[in-house]
Amino acid sequence: MKVTDVKVHLVRSNRNTVIPSPWIFVQVFTDEGIVGLGDATNWPGGTIIKQSIEELSRFVIGENPFNIEHIYHQLYEALQQIGQTGAVIAAISGIEIALWDIVGQAVGQPIYNLLGGSCRDTVRFYSHAGEPEECARLAEKGCTAIKAYFPGGTPRPGERINIPCSITLSEERIALAHMQRCREAVGDEVDIATDVGARYTTSAAIRLGNRLEEIGLLFYEEPVGPENIDALAKVTAAVNTPTCVGERRYTRFGFRDLIAAQAVDMIMPDVVRAGGIAETKKIAAMAESYYMQVSPHNPNSAISTLASIHVMANIPNALVLEYVDDEQDAAWRNDLLTDPPEVENGYLRLPTKPGLGSQLVMKEVEKYRFEG
Ligand SMILES: [Mg+2]
């Protein structure tokens, strides 16, 4: 089998706050009629990644799609001088996911069976909530873990930027009361987590982490930025709430130092940002060797969710997968796929069809095509 073409589709998403950021879907075509589907979404924008995929396609066309490891390294090496992170690594991930989809379809097996089989029958997920009422609604629907919005850290009057910022006593009381109300809204049986988005100084992050201990959080995400491992390690050593980062680290090399330094308690690779399905499995294996769990970042399309489910089904140290609740996302999210992810009793079902387990519905893709 040989790859004959690579196509990119930009599709409208609901992420339009600063710069419109479409979903970026990849189709890899073969001479045997099998079409692989991948997701390369990152934000802001989309045209940078689209162009990267189109330029990288010359390293894929003509190759045997079974040689995923070889093709990944061809692409990775090709980017040596421009940098192997950010937008360009999303381009590699989109192609890599589509190759796994081709191989799965060719052999008639879901991707997790190609990775070593499944360690679980379903995948646990968490959804997002703003107010305590929303936490209660999600818990009512069967959701077992919720990432609750963390108030605070907004610029004060006259300030154009305030990152990193300290936190005033009144802000801290408001934020803690909010988190407490979220906890009370769901009781002790549902996990609550929060993401402070690397807004605070290291000392403020430590103080907050300690105050949050009474809420009993599943995790405390990006207490400080992911760029400085020493600062992260300082927070992690000082607080008992489990810390994590990962959405802004790329490939096994971006996670290696973080894991080896034990700078966080768990990691959050994004299958689309980390380098794809095999790369995320490798990152998870490194984490496993330090007795760390993996809770992947996954805020985008139904396709990246499917790719993440295959990885989470396979890796032994899976904790919980980020999942955009259907009712909170663009109404057409699931219409784009023949077989979108399915939730049952608060867990994501494992796809059973070959490959990713789903195809693009081109009629819907045309309807929601992103025009810039
Ligand atoms: Mg985050």
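Which hand does the crossing of H9 and H11 have? I began my notebook with this point, and I keep in mind throughout that I am reading a predicted model.

**Entry 1: helices H9 and H11**

I looked up the pair and found that the crossing of H9 and H11 is right-handed. Helix H9 covers residues 251-260 and helix H11 covers residues 277-288, and their axes come within 9 Å and cross at roughly 15°. Because angles under 35 degrees count as roughly parallel, I noted H9 as roughly parallel to H11. On the H9 side I listed Thr-251, Arg-252, Phe-255, Arg-256 and Ile-259 as making the contact, and on the H11 side Glu-279, Lys-282, Ile-283, Met-286 and Ala-287. Sorted by class, the contact of H9 with H11 has five nonpolar residues, one polar residue and four charged residues.

I then stepped back to Tyr-250, which lies in the loop between strand S8 (243-245) and H9. Is Tyr-250 buried or exposed? I found 25 C-beta neighbours inside 10 Å, so Tyr-250 counts as buried, given that the cut-off for a buried residue is 20 or more. I also looked up Ala-274, which is 24 residues away from Tyr-250 along the chain, and the C-alpha atoms of the two are separated by 4.5 Å. Setting aside neighbours within four places in sequence, I recorded that Tyr-250 is in contact with Thr-85, Gly-86, Ile-89, Arg-273, Ala-274 and Gly-275.

**Entry 2: helices H1 and H3**

Next I turned to helix H1 (residues 47-56) and helix H3 (residues 86-107), whose axes come within 8 Å and cross at roughly 60°. H1 and H3 are therefore oblique to each other, and I noted their crossing as right-handed. From H1, the residues Ile-48, Ile-49, Ser-52, Ile-53 and Leu-56 meet Ala-87, Val-88, Ala-90, Ala-91, Gly-94 and Ile-95 of H3. I wrote down the classes in the contact of H1 with H3 as nine nonpolar, two polar and no charged residues.

**Entry 3: Val-8 in strand S1**

I looked up Val-8, which lies in strand S1 (residues 3-11). Val-8 is buried, since 22 other C-beta atoms lie within 10 Å. Leaving out neighbours within four places in sequence, I found Val-8 in contact with Ile-24, Val-26, Lys-50, Ile-53 and Glu-54. I also checked Tyr-76, which is 68 residues from Val-8 in sequence and 19 Å from Val-8 in space, C-alpha to C-alpha.

**Entry 4: helices H5 and H6**

For helix H5 (residues 132-140) and helix H6 (residues 169-186), I found axes that come within 8 Å and cross at roughly 25°. That makes H5 roughly parallel to H6, and the crossing of H5 and H6 is right-handed. Here Pro-132, Glu-133, Cys-135, Ala-136 and Ala-139 of H5 meet Arg-181, Cys-182, Ala-185 and Val-186 of H6. By class, I noted seven nonpolar, no polar and two charged residues in the contact of H5 with H6.

**Entry 5: the chain as a whole**

How many helices and strands does the protein chain have? I noted 13 helices and 13 strands. The radius of gyration of the protein chain is 20 Å, close to the 21 Å that the globule rule gives for 372 residues, so I recorded the chain as being as compact as a globular protein of that length. I found that the C-alpha trace spans about 65 × 45 × 45 Å along its principal axes, and that buried residues make up 50% of the 372 residues. Lastly, among contacts between residues at least 6 apart in sequence, I noted that 71% join residues at least 24 apart.

Conventions: Residues are numbered from 1 along each chain as its sequence is written. This is a predicted model: local features need pLDDT of at least 70, side-chain atom pairs count only at pLDDT 80 or more; totals for chains, interfaces and linings use all residues. Axes are lines fitted to C-alpha atoms, for helices over the stretch in contact, and angles run from 0 to 180 degrees between N-to-C directions. Helices (H or I, at least four residues) and strands (E, at least two) are DSSP runs, numbered from the N terminus. Angles under 35 degrees count as roughly parallel, over 145 as roughly antiparallel, 65 to 115 as roughly perpendicular and the rest as oblique. A crossing is left-handed if the near helix is turned anticlockwise from the far one by less than a right angle, and right-handed if clockwise. Two residues are in contact if their C-beta atoms, placed from the backbone, lie within 7 Å. Ala, Val, Leu, Ile, Met, Phe, Trp, Tyr, Cys and Pro count as nonpolar, Asp, Glu, Lys and Arg as charged, and the others, Gly among them, as polar. The radius of gyration is taken over C-alpha atoms; the globule rule is 2.2 Å times the number of residues to the power 0.38. A residue is buried if 20 or more other C-beta atoms lie within 10 Å of its own, exposed if 12 or fewer, and partly exposed in between; C-beta atoms are placed from the backbone.
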